[in-house]
Amino acid sequence: ARLSCQVWKRLSSGSTNNTGFPDITGSAHGLRLEIEVKQPGSVPTAIQYKRLNNFRQLGCIAFWTTSVEDAEKKLNLWLDVYLEGGTHPGYKDLKPPRPVRISDLAA
């Protein structure tokens, strides 16, 4: 199946209301899509992990990536789950390197 999605870069207004929200938002086959983009070798912050988990709990496709190729691979795996009834890819990408503290979530 051909990958069909549209995405937008989320603009940061410098407001703390946007803290931790993924860099890219959009839609893939009618499903909400949220992607956090990191430099190779980097991982999301505690609040970014929390936000991605929140989006997943709401039924969105949400993940972090370090490259276009990785993002395409992850998106295709998620679409297989949602559209084809496939097996959940079992990502371990949302386990933060340390526990999320309340202070991490304060805006």
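Residues are numbered from 1 along each chain as its sequence is written, and side-chain values use heavy atoms, with hydrogens and water left out. As the model is predicted, local features need pLDDT of at least 70 and side-chain atom pairs count only at pLDDT 80 or more, whereas totals for chains, interfaces and linings use all residues.

The secondary structure comprises three helices and four strands, where helices (H or I, at least four residues) and strands (E, at least two) are DSSP runs numbered from the N terminus. Along the sequence these elements follow the pattern β-β-β-α-β-α-α. Of the 107 residues in the chain, 35% are buried, with buried taken as under 20% relative accessible area, exposed as over 50%, and partly exposed as in between (1.4 Å probe, protein chains only). The accessible surface of the chain comes to about 6,700 Å², and 53% of this surface belongs to carbon and sulfur atoms; the areas come from the Shrake-Rupley method with a 1.4 Å probe, and for residues only the protein chains shown count as cover. Among the contacts with a separation of 6 or more, 45% are accounted for by residues 24 or more positions apart, a contact being defined by heavy atoms within 4.5 Å.

In soluble globular proteins, nonpolar side chains tend to be buried together. A nonpolar core is here a set of buried Ala, Val, Leu, Ile, Met, Phe, Trp, Tyr and Cys residues joined through side-chain atoms within 4.5 Å. The largest such core has 11 residues in all, namely I24, A28, L31, L33, I35, I61, F63, A71, L75, W78 and L79. Two or more of its residues are given by each of strand 2 (24-28), strand 3 (31-37), strand 4 (61-65) and helix 2 (68-84), and helix 2 provides the largest share, four residues. Another core, of six residues, lies apart from the largest one and includes Y49, C60, A62 and W64. Within the largest core, I61 is in contact with L31, R32, L33, E34, L75, W78, L79 and Y82, when its neighbours within four places in sequence are left aside.

The largest pocket has a volume of about 210 Å³. On a 1 Å grid over the protein atoms alone, a pocket is an open set of points where a 1.4 Å probe fits, with protein on both sides within 12 Å along at least five of seven lines, and lining residues have an atom within 4 Å of a point. Grid points are joined across faces, edges and corners, and the volume is the space filled by probe spheres set on the points. The pocket is lined by 15 residues, of which I24, I35, V68, A71 and E72 are the closest to its centre. Strand 1 (5-9), strand 3, strand 4 and helix 2 each supply at least two lining residues, and helix 2 gives the most, with four. The lining divides into 11 nonpolar, three polar and one charged residue, where Ala, Val, Leu, Ile, Met, Phe, Trp, Tyr, Cys and Pro count as nonpolar, Asp, Glu, Lys and Arg as charged, and the others, Gly among them, as polar.

Several individual positions were also examined. R10, in the loop between strand 1 and strand 2, is in contact with F21, P22, D23, I24, T25, R32 and E34, apart from neighbours within four places in sequence. The C-alpha atoms of R10 and I35, 25 residues apart along the chain, are separated by 10.0 Å. G26, in strand 2, counts as buried because its relative accessibility is 10%; not counting residues up to four places away in sequence, G26 touches Q6, V7, W8, L31, R32 and L33. The C-alpha atoms of G26 and I61, 35 residues apart along the chain, are separated by 9.8 Å.

H29 is found in the loop between strand 2 and strand 3 and has a phi near 55°, a positive value in a residue other than glycine. With a relative accessible area of 37%, H29 is partly exposed, and its C-alpha atom is separated by 8.1 Å from that of L79, 50 residues apart along the chain. K50, in helix 1 (residues 46-57), is likewise partly exposed at 33% relative accessibility, and K50 and G20, 30 residues apart in sequence, are 8.0 Å apart in space, C-alpha to C-alpha.
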